[in-house]
Amino acid sequence: MQQFNKTTYSEKVAHLIMQRIRSGRLRPGDSIGEAAMADECGISRAPVREALHHLEAEGLLMSHPKRGKCVTILTPESIRANYELSAILESEAAVTAAENMPPKVQERLTFLMEQMREAVASGGSYEEHAELGTQFHETILSLSDNALLRSLASRFSRVISKYLLYQEWRTIYTPEELFDRHNRIYEALCARDPERIRKAIRAHYAESVERLACFCDQKTPSRRRKGDAHFPTE
């Protein structure tokens with residue numbers, strides 16, 4: 001039985017669930033029982049309930065009329081909607097930023113592209129490529145003084161690419177493709193051409209939608225007996 005520090009029960013439960021989603025041990029549609037989770041962790045149901053509400057607000061979980069809280073079930077339409085919003089928000093932030101980009105920011109983007117190129121040449125791990133890509137997008141968004149825009153732009157696609165479909169995401173691009181995808185945005189930013197920037201970023205996200213949509217599980221999630229533990233032993 002896992003034991004958690006009492007002051008961080010809710011955070012620990014949320015982290016545990018997030019990691020199991022990321023690793024693929026929890027799949028879209030899998031139910032998460034409040035009582036079973038509390039029993040597994042050796043805690044009361046209140047912090048588990050808090051963690052589940054938090055993860056639902058983040059988009060990782062959803063409420064199902066028959067299954068209660070479960071890992072968010074994705075459809076091609078929901079992926080497209082999320083990525084279109086990310087593309088719109090990030091492209092507008094990038095256009096605004098490119099008009100008067102601070103030298104330090106351009107240096108940062110150049111450095112990240114060099115790191116991506118080196119990672120390709122050295123056969124770096126997928127995690128290395130993914131982290132550099134995340135930093136690249138965060139650097140662009142950091143130029144916006146709109147905190148809500150920054151939060152929403154990263155959230156819509158992050159939940160899907162970093163958690164719900166993380167295992168599948170690892171397989172859809174080669175390292176060379178990951179570099180090329182970000183380099184097209186980088187070159188558009190350097191050109192300071194608003195329309196080119198919009199097209200590059202929106203094409204970047206649109207391509208991801210088409211590749212990810214085929215991984216949506218259209219099957220009915222497996223039913224679990226009431227009272228069963230919903231997590232494998234780590």
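Student: How many residues does the largest nonpolar core have, and which of them have the most contacts inside it?

Tutor: In soluble globular proteins, nonpolar side chains tend to be buried together. The model shown here is a predicted one. Its largest nonpolar core has 61 residues, and those with the most contacts inside it are I17, I21, I79, F136 and L189. Helix 1, residues 9-23, supplies the largest share of this core, namely seven residues.

Student: How is the span of helix 10 to be read?

Tutor: One compares the distance between the end C-alpha atoms with the distance expected at 1.5 Å a residue. Helix 10 comprises 19 residues, 194-212, and reaches 27 Å from its first C-alpha to its last, close to the 27 Å expected.

Student: Which residue caps the N-terminal end of helix 10?

Tutor: That residue is D193, with a side-chain oxygen 3.1 Å from the backbone nitrogen of E195.

Student: Which residues of helix 10 are buried, and what covers them?

Tutor: The buried residues are I197, A200, I201, H204, Y205, S208, V209 and L212. Their cover includes helix 4 (76-99), helix 6 (126-141), helix 7 (147-164), helix 8 (166-172) and helix 9 (175-191).

Student: Why does C216 count as buried?

Tutor: A residue is called buried when its relative accessible area is under 20%. C216 counts as buried because its relative accessibility is 11%. This residue is found in the segment after helix 10.

Student: Which residues does C216 touch, leaving aside those up to four places away in sequence?

Tutor: C216 touches L74, T75, P76 and I79.

Methods:
Residues are numbered from 1 along each chain as its sequence is written. This is a predicted model: local features need pLDDT of at least 70, side-chain atom pairs count only at pLDDT 80 or more; totals for chains, interfaces and linings use all residues. Side-chain values use heavy atoms; hydrogens and water are left out. A nonpolar core is a set of buried Ala, Val, Leu, Ile, Met, Phe, Trp, Tyr and Cys residues joined through side-chain atoms within 4.5 Å. Buried means under 20% relative accessible area, exposed over 50%, partly exposed in between (1.4 Å probe, protein chains only). Helices (H or I, at least four residues) and strands (E, at least two) are DSSP runs, numbered from the N terminus. The expected span of a helix is 1.5 Å times one less than its number of residues. Contact means heavy atoms within 4.5 Å. A polar contact is a pair of N or O atoms within 3.5 Å; within protein, one must be able to donate a hydrogen and the other to accept it, and residues adjacent in sequence count only if both atoms are side-chain atoms.
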